[in-house]
Amino acid sequence: MKKQIFLSAFFLALSLNAHAQSGDLASDITGVSDEKLQEITKEKSQEKIADDRGVFSFLNFSFIKKPLSLLSSDSKEQEESSEVELETQQEQEKVKETPLERATRLAEQGDIEKELTLGYMYLYGQNGVDIDYQKAFHFYELAAAQNDIIALNNLGSLYFNGIGTDVNYEKASELFLKAAQNGSDDAAVNLAFIYLSSAQSQYFEPAIELFEQAAKAGNNTAKFMLGYAYYKGFVVEQDFHKAVRLIKEAADANFDEAHYIFAKIYANGEGITKNYGNAVKHYRAAISQGHISSMMELATILKEGKMFPQNLIQAHILYNIASVYGDKIAGEYRDSLEKVLKLEDLLEAQNTAEQYRPNPSELTKYIRQTFGQNICQYIDQNLTRKGK
């Protein structure tokens with residue numbers, strides 16, 4: 001099974017626990033029902049939405065999709081491999097292979113599909129086999145030796161994380177580069193983040209070039225990062241129109257950080273007509289996924305009542321939730337609102353906040369678990385070093 005595997009969230013710590021539930025807060029906090037939020041991705045269902053072709057990282061095993069078994073012994077499989085089977089019925093009856101034994105033999109003989117499948121199975125203990133990182137590494141190495149781009153990318157991830165082998169960032173980078181040169185947008189994105197993490201400016205332009213390559217292939221992570229580079233004027237010349245187009249595509253794929261940045265673009269009228277209503281809509285889409293900065297900014301908007309109708313109850317709810325998820329000043333803002341809210345309104349706000357459960361999209365979960373909670377930092381920190 002051709003499954004991609006990816007880097008862990010290096011250099012950035014995850015601070016928010018992702019839950020698979022959604023509360024009754026869709027209308028009270030986000031202003032959008034779960035069904036409506038899902039429509040964001042359904043509208044582009046024919047596109048490559050979630051960098052979600054079975055992707056996963058090593059930090060969270062909860063949403064891994066089980067592979068279709070390539071180890072079945074049905075008639076179709078028997079026919080496809082008839083040339084390597086024993087020739088006579090009598091010999092087949094004497095020497096019977098288990099599906100696993102047969103898959104292993106074919107993998108050792110160079111069957112890439114079997115190599116990839118066995119690599120996945122041993123990595124995650126699927127289809128009745130125990131986890132065995134050394135065997136997983138072995139089978140991905142066999143497939144990578146045949147220049148399979150998925151195997152090259154996966155083997156690079158194993159080297160990067162030190163799974164089944166010693167940690168080797170140089171080897172990981174070499175494999176990502178080779179895979180990227182052969183057309184892997186996933187490997188291009190992995191390598192681009194490594195370059196941005198280096199803090200050495202000579203790697204910044206190659207990183208943006210890799211994001212451009214991956215974005216053209218439809219990679220939503222790359223679209224956002226390239227769009228954010230245009231938004232900030234990092235390496236490329238600042239261009240709000242290009243930023244709007246790329247970040248919008250990532251928001252349409254339901255990435256929470258893209259919703260957040262797009263909300264700010266609408267609020268400031270940068271490369272697009274200023275529209276506070278649309279800004280609030282995108283803040284809410286990010287909030288539904290647990291985006292703390294969106295909670296804080298929308299709460300302030302609702303408290304002040306300058307950009308959008310004032311709503312102190314919802315502002316209190318958002319500050320309360322943001323405080324629970326670690327924002328240090330959110331609690332102070334929440335407490336200040338308690339002094340002006342009626343008792344019944346305060347109780348309603350507290351009850352609603354208690355019911356909140358973030359519901360991140362598959363794309364958001366993937367990006368958080370692979371590259372960190374706030375991928376804008378990869379660009380922002382380098383702008384800071386350059387004095388911008």
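The protein chain has 21 helices and zero strands. Both are DSSP runs numbered from the N terminus: helices are H or I with at least four residues, strands E with at least two. This is a predicted model, in which local features need pLDDT of at least 70, side-chain atom pairs count only at pLDDT 80 or more, and totals for chains, interfaces and linings use all residues. Residues are numbered from 1 along each chain as its sequence is written, and side-chain values use heavy atoms, with hydrogens and water left out.

**Burial and contacts**

Of the 388 residues in the protein chain, 51% are buried. Buried means under 20% relative accessible area, exposed over 50%, and partly exposed in between (1.4 Å probe, protein chains only). The chain exposes about 18300 Å², and carbon and sulfur atoms supply 46% of that area. Accessible areas come from the Shrake-Rupley method with a 1.4 Å probe; for residues, only the protein chains shown count as cover. A contact means heavy atoms within 4.5 Å. Among contacts between residues at least 6 apart in sequence, 64% join residues at least 24 apart.

**Aromatic pairs**

The structure holds 18 aromatic pairs. Rings of Phe, Tyr and Trp (its six-membered ring) pair if their centres lie within 6.5 Å; planes under 30 degrees apart count as stacked, over 60 as edge-to-face and the rest as tilted. Two pairs are set out here.

| Pair | Centre to centre | Angle between planes | Class |
|---|---|---|---|
| Tyr122 and Phe139 | 6.0 Å | 10 degrees | stacked |
| Phe137 and Tyr159 | 5.3 Å | 85 degrees | edge-to-face |

Tyr122 lies in helix H6 (residues 112-124) and Phe139 in helix H7 (residues 133-144), so their pair ties together parts 17 residues apart in sequence. Both Tyr122 and Phe139 are buried. Phe137 is in helix H7 and Tyr159 in helix H8 (residues 149-161), so this pair ties together parts 22 residues apart in sequence. Phe137 is buried at 9% relative accessible area. Tyr159 is buried at 12%.

One aromatic cluster is formed by Phe193, Phe211, Tyr366, Phe371 and Tyr378.

**Nonpolar core**

A nonpolar core is a set of buried Ala, Val, Leu, Ile, Met, Phe, Trp, Tyr and Cys residues joined through side-chain atoms within 4.5 Å. The largest one has 106 residues; Leu196, Phe211, Phe224, Met225, Ile247, Ile261 and Ile375 touch the most other members. Helix H10 (residues 185-197) gives the largest share of this core, nine residues. Leaving aside residues up to four places away in sequence, Phe211 touches Val189, Ala192, Phe193, Leu196, Ala222, Met225 and Leu226.
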